[in-house]
Amino acid sequence: AHQWRGVIREYAERLPVTDSTEIITLGEGGTPLVRAKALSELTGSEVYLKVEGMNPTGSFKDRGMTMAMTAAVESGAKAVVCASTGNTSASAAAYATQAGITCAVLVPDGKISMGKLSQAIAHGAQLLQVRGNFDNCLEVARKLAEAYPVFLVNSVNPARIEGQKTASFEVVDYLGDAPDYHLLPVGNAGNITAYWKGYKEYSAPYTNVTGEELAPVATKTPHMWGFQAEGASPLVKGHPVTDPDTIATAIRIGNPASWDAAIAARDESGGLIEAVTDTEILDAHRWLSSREGVFVEPASAAGVAGLLKKHAAGEVPAGKTIVITVTGHGLKDPQWALRTADGSDVEPTKVDFDVVSVAAALGLEAAP
Ligand code: F0G
């Protein structure tokens, strides 16, 4: 039977690899593009969710990590390092294990979810909780990779962007053309950069590393709509934020590394980058789990929060094709599901093990 071979083998002709490259992969990519019934009904457009939580470590980071770890091995590196709000570290730890090399991760103390922390530990990474935020961690990771023999696998490494651009290819291959709009959360801004690169490459003749010219696959590119959490929205404000804050810890970032590329993606695509509040993010999180059947972590819902906000403002056209990337799995950070909209805890009902109590608790009446 056919099995998806991971993004490098599936898209080798559009990536910087050759036949002799040793590929480090866990079978990432090939994630479902799910039609969002309730969002489609609400907007009158065809809305799809690119469900990136279905990647091997539960987030989109695996697409870039297969390329970054392949590049690390190719360069002869014995150790990699990354700064992370949690998902990059989980991914780096898993792929480093597959590659048989050492992995060090720097995470902000107390501001990463238990699920992500446990992944990095399970895969044997050297995990350091840094007394500082993600931006501080990234600064140290970059300096460490400059002065010590460790290979940096953050998205400032171009290999990461190369791998992540394959998500655009999958969207176009599935839909038959690019969508009209593509919405996604923005934190360190690697992903919006990668998607835009992928869409541009797929809509124009492309000369690959072997000098072969490939024909365009898409006839157009989408408008890129990026959404940051309001308390961590430097790209919206136009200047770095020194003390970023949001419940969406994955995107709690005040000085995105791919700042210029994100602004270019916005402007070249005729798109926008706006902010959504934590309340809007949690409402979208709840919408996805309760109406679409898709469980994501809070940061992952920022794109959907953006769609709901723009729709409420009358700024989402009907009759279009809209893709929203939901970036990470709900099991990464499940505590948010156990809280109601008004902030109180959800208490599961307890019952005795007899059918009458269970039926009564479910509000069922015996069939006549
Ligand atoms: N969504 C999730 C679930 C993330 O983990 C991240 C970034 C983003 C969105 C934003 O993507 O940074 O490319 O703009 N997480 C990084 C990490 C920072 O360390 O895991 P971006």
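The legends below walk through several close-up views of a predicted model.

Before you start, note that residues are numbered from 1 along each chain as its sequence is written. Because the model is predicted, local features need pLDDT of at least 70 and side-chain atom pairs count only at pLDDT 80 or more, while totals for chains, interfaces and linings use all residues.

**View 1. The two domains of the chain.** The protein chain is divided into domain 1 (7–59 + 160–338) and domain 2 (61–158), with bounds that come from an automatic or database domain assignment. Their centres, taken over C-alpha atoms, are separated by 21 Å.

**View 2. Where domain 1 meets domain 2.** Here 37 residues of domain 1 are in contact with 36 residues of domain 2; two residues are in contact if their C-beta atoms, placed from the backbone, lie within 7 Å. On the side of domain 1 that touches domain 2, helix H1 (7–10), helix H7 (158–164) and helix H8 (166–175) each supply at least two residues. Helices (H or I, at least four residues) and strands (E, at least two) are DSSP runs, numbered from the N terminus. H7 gives the largest share of this side, five residues. By class, this side of domain 1 has 14 nonpolar, 16 polar and seven charged residues. Ala, Val, Leu, Ile, Met, Phe, Trp, Tyr, Cys and Pro count as nonpolar, Asp, Glu, Lys and Arg as charged, and the others, Gly among them, as polar.

**View 3. The shell around the ligand.** Look for the 22 residues that surround the ligand, the closest being Ser84, Gly187, Asn188, Thr327 and Gly328. Helix H4 (87–99) and helix H9 (190–202) are the elements that give two or more residues to this shell. The shell has six nonpolar, 14 polar and two charged residues. Both domain 1 and domain 2 give residues to the shell, so the ligand lies between them.

**View 4. The annotated binding site.** In an unreviewed entry, the UniProt annotation "binding site" covers Asn87, Gly187, Asn188, Ala189, Gly190, Asn191 and Thr327. These residues are spread over 241 residues of sequence, yet they cluster in space, with a largest C-alpha distance of 14.2 Å. UniProt positions are given in the numbering used here, feature names are shortened, and annotations may be inferred rather than shown by experiment.

**View 5. A closer look at Ala189.** You will find Ala189 in the loop between strand E7 (181–185) and H9. Ala189 is buried, because 25 other C-beta atoms lie within 10 Å. A residue is buried if 20 or more other C-beta atoms, placed from the backbone, lie within 10 Å of its own. Not counting residues up to four places away in sequence, Ala189 touches Leu235, Pro256, Ala257, Ser258, Trp259, Ala261 and Ala262. Its phi is near 75°, a positive value in a residue other than glycine.

**View 6. A closer look at Thr327.** Thr327 sits in the loop between strand E12 (321–326) and helix H14 (355–361). Thr327 is buried too, with 30 other C-beta atoms within 10 Å. Leaving aside neighbours within four places in sequence, the contacts of Thr327 are Glu52, Ser59, Phe60, Pro185, Ala299 and Ser300.

**View 7. The annotated lysine.** UniProt (unreviewed entry) lists Lys61 for "modified residue: N6-(pyridoxal phosphate)lysine". Lys61 belongs to helix H3 (residues 61–74) and is buried, with 34 other C-beta atoms within 10 Å. Residues up to four places away in sequence aside, Lys61 touches Asn87, Thr88 and Ser91.

Technical notes:
Near = placed C-beta within 6 Å. Buried ≥ 20, exposed ≤ 12 C-beta atoms within 10 Å, placed from the backbone.
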